[in-house]
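Good morning, colleagues. Please bring up the sequence and the model, and I shall take you through the main features in turn.

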Amino acid sequence: MLKKERYRHFVEYFSNNQPNPVTELHYNSPYQLLVAVILSAQCTDKRINQVTPALFERYPDARSLADASADDVFPYIRSVSYPNNKAKHLAGMGKMLIEQFNGQVPSGVNELQKLPGVGRKTANVIASVIYNEPAMAVDTHVFRVANRIGLTTGRTPLAVEKELTKYLPTDVVAVAHHWLILHGRYICVARSPKCEVCPLTWFCRYYATINTETYLQKAEVAKIKKQKEVQRRKKLNIISKELSKRVDKEF
Ligand code: SF4
């Protein structure tokens, strides 16, 4: 199947079946989403949603966070992964938002990446979710699922990001990020993808590959069995001929 066709089927399927997917992180403002996404690195959305209500109550906006130190923030996020680093990042991020961005979360990926704790992936999430920019945030799910389906062949997140933004229609890039994440989280899971319940099998490259392999393996086993059966029959023929000769001699 041509790459172009795969993209067409992918967009058609999800546009029809999941037209409005949203992030599973809870937030009420661009600032809150930025905080939640910074915290979510190497951690689950479920865990982040458990800690953010108290954090947002204490630090509801950039102004309040700018006045906090890492030590102040730490107790609120101690149960997430890498809490020390993330506490430093949040305290620094709050200050920079106030000092350089007038308390507002910037929309440009390059500006966003100047903020402590904000890498390319986080910047792309904010640009796409808040500002609806055609930015593709490539996390572990997006990377795995896009490669399995056959939308991409990239070996790095940046290569996958470039391929996806090149081939997807601009108006679905932002939403395709959620399609891939949710599909990876619930169906195309890392260890054993649930292909038996996946609606994308008919255009998924990985599925075609494993089934071709299974088909070839079965064909090889059948071929070996057939060869063994032929040899067995030959042997039986020889034995029966030998026996006939002996019987002829004796009688
Ligand atoms: S068919 Fe399997 S490998 Fe392909 S997208 Fe679905 S779950 Fe993933």
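This is a predicted model: local features need pLDDT of at least 70, side-chain atom pairs count only at pLDDT 80 or more; totals for chains, interfaces and linings use all residues.

Ala146 is in contact, leaving aside its neighbours within four places in sequence, with Leu151, Thr152, Val160, Leu164 and Leu180. Ala146 belongs to helix H9, residues 140–149. In that helix Val142, Phe143, Val145, Arg148 and Ile149 are buried, as is Ala146 itself. Directly after H9 comes Gly150, with a positive phi near 105°.

Let me widen the view to the core. Ala146 and Val142 are among the residues with the most contacts inside the largest nonpolar core, together with Leu34, Ile38, Leu90 and Ile126. That core comprises 58 residues. Its largest share, 8 residues, is supplied by helix H2, which covers residues 30–40. As a general remark, nonpolar side chains in soluble globular proteins tend to be buried together.

I turn now to the overall layout. The domain assignment divides the chain into domain 1, residues 3–186, and domain 2, residues 205–251. Between the C-alpha centres of these two domains the distance is 59 Å. UniProt, in an unreviewed entry, places an HhH-GPD domain at residues 39–186.

Next, the ligand. Which residues are closest to the ligand? They are Cys188, Pro193, Cys195, Cys198 and Cys204, within a surrounding set of 13 residues. H9 and helix H12, residues 205–250, are the elements that give two or more residues to this shell. By class, the shell has 10 nonpolar, 1 polar and 2 charged residues.

Finally, two points of backbone geometry. Most residues other than glycine have a negative phi. Gln42, which is not a glycine, has a positive phi of about 60°. Gln42 is found in the loop between H2 and helix H3, residues 45–58. Is Gln42 buried or exposed? Gln42 counts as exposed because it has 10 C-beta neighbours inside 10 Å, and the cut-off for exposed is 12 or fewer.

Tyr82 also has a positive phi, near 50°, and is a residue other than glycine. Tyr82 sits in the loop between helix H5, residues 70–77, and helix H6, residues 83–101. With 14 C-beta neighbours inside 10 Å, Tyr82 therefore counts as partly exposed.

Thank you; I welcome your comments.

Definitions and conventions: Residues are numbered from 1 along each chain as its sequence is written. A nonpolar core is a set of buried Ala, Val, Leu, Ile, Met, Phe, Trp, Tyr and Cys residues joined through C-beta atoms within 7 Å. A residue is buried if 20 or more other C-beta atoms lie within 10 Å of its own, exposed if 12 or fewer, and partly exposed in between; C-beta atoms are placed from the backbone. Helices (H or I, at least four residues) and strands (E, at least two) are DSSP runs, numbered from the N terminus. Two residues are in contact if their C-beta atoms, placed from the backbone, lie within 7 Å. UniProt positions are given in the numbering used here, feature names are shortened, and annotations may be inferred rather than shown by experiment. Domain bounds come from an automatic or database domain assignment. A residue is near a molecule or strand if its C-beta atom, placed from the backbone, lies within 6 Å of it. Ala, Val, Leu, Ile, Met, Phe, Trp, Tyr, Cys and Pro count as nonpolar, Asp, Glu, Lys and Arg as charged, and the others, Gly among them, as polar.
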